[in-house]
Amino acid sequence: MGNPVIHFEIGGKDVKELIDFYSSVFEWSVLPLADQLYIADPALDKGIQGHLFQTTEEMEAANLVIIYIQVDDIHASLKMVESLGGKVIKQPQAIPGNASFFAIFQDPSGNYIGLLQ
């Protein structure tokens, strides 16, 4: 089987509004993680966890949805992304307190997609 989607992020100008919306409509548990960053847990046995976050003026978009795909070799995957017309937006970075790395690329249609190793 290919590489699964294992995480998501949903960002907007008003993170409190996002929290109210997703917790009310879908009954997600939403817990604070850091300043303006929250864990959204649809239910471990039924879905993947993700983050809700506040976008900032420095970000390219006021609203943003990113899915994260698990890969074995983040560098090789980014090399393939670029060879097929994608653009690396964020080079691989270590996740603090974790042995994992993440990166973000833009596909040929302009969608932001994350990778996790």
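Which residue in E3 does Val 30 stand opposite?

Reply: Val 30 stands opposite Ala 40 in E3. Some conventions come first. The model is predicted, so local features need pLDDT of at least 70 and side-chain atom pairs count only at pLDDT 80 or more, while totals for chains, interfaces and linings use all residues. Residues are numbered from 1 along each chain as its sequence is written, and side-chain values use heavy atoms, with hydrogens and water left out. Helices (H or I, at least four residues) and strands (E, at least two) are DSSP runs, numbered from the N terminus.

The facing residues belong to the pairing of E2 with strand E3 (residues 37-41), which is antiparallel and runs over five bridges. Two strands are said to pair if DSSP finds at least two bridges between them. Another facing couple here is Ser 29 and Asp 41, the latter in E3. The hairpin of E2 and E3 has two residues between the strands, and in this hairpin Gln 36 takes a positive phi near 60 degrees. Such a value is positive in a residue other than glycine. Gln 36 lies in the loop between E2 and E3 and is partly exposed, with a relative accessible area of 30%. Here buried means under 20% relative accessible area, exposed means over 50%, and partly exposed is in between, with a 1.4 Å probe and protein chains only.

Rings of Phe, Tyr and Trp (its six-membered ring) pair if their centres lie within 6.5 Å; planes under 30 degrees apart count as stacked, over 60 as edge-to-face and the rest as tilted. By this rule there are five aromatic pairs. One of them joins Phe 8 and Trp 28, whose ring centres are 5.4 Å apart and whose planes meet at 45 degrees, so the pair is tilted. This pair links distant parts of the chain, with Phe 8 in strand E1 and Trp 28 in the loop between helix H1 (15-26) and strand E2 (29-34), 20 residues apart. Phe 8 is buried at 11% relative accessible area, and Trp 28 is buried at 16%. Tyr 22 and Phe 26 form a stacked aromatic pair, 6.0 Å centre to centre with 25 degrees between the planes. Both lie in helix H1, four residues apart, about one turn of the helix. Tyr 22 is buried, with a relative accessible area of 16%, whereas Phe 26 is partly exposed at 46%. Phe 8, Phe 21, Tyr 22, Phe 26 and Trp 28 make up one aromatic cluster.

On a 1 Å grid over the protein atoms alone, a cavity is a set of points where a 1.4 Å probe fits but cannot get out, whereas a pocket is an open set with protein on both sides within 12 Å along at least five of seven lines; lining residues have an atom within 4 Å of a point. Grid points are joined across faces, edges and corners, and a volume is the space filled by probe spheres set on the points. The largest pocket has a volume of about 710 Å³. Its lining has 24 residues, of which Glu 9, Tyr 68, Lys 90, Phe 102 and Ile 104 lie nearest its centre. Elements giving two or more residues to this lining include strand E1 (5-12), strand E4 (50-54) and strand E6 (87-94).
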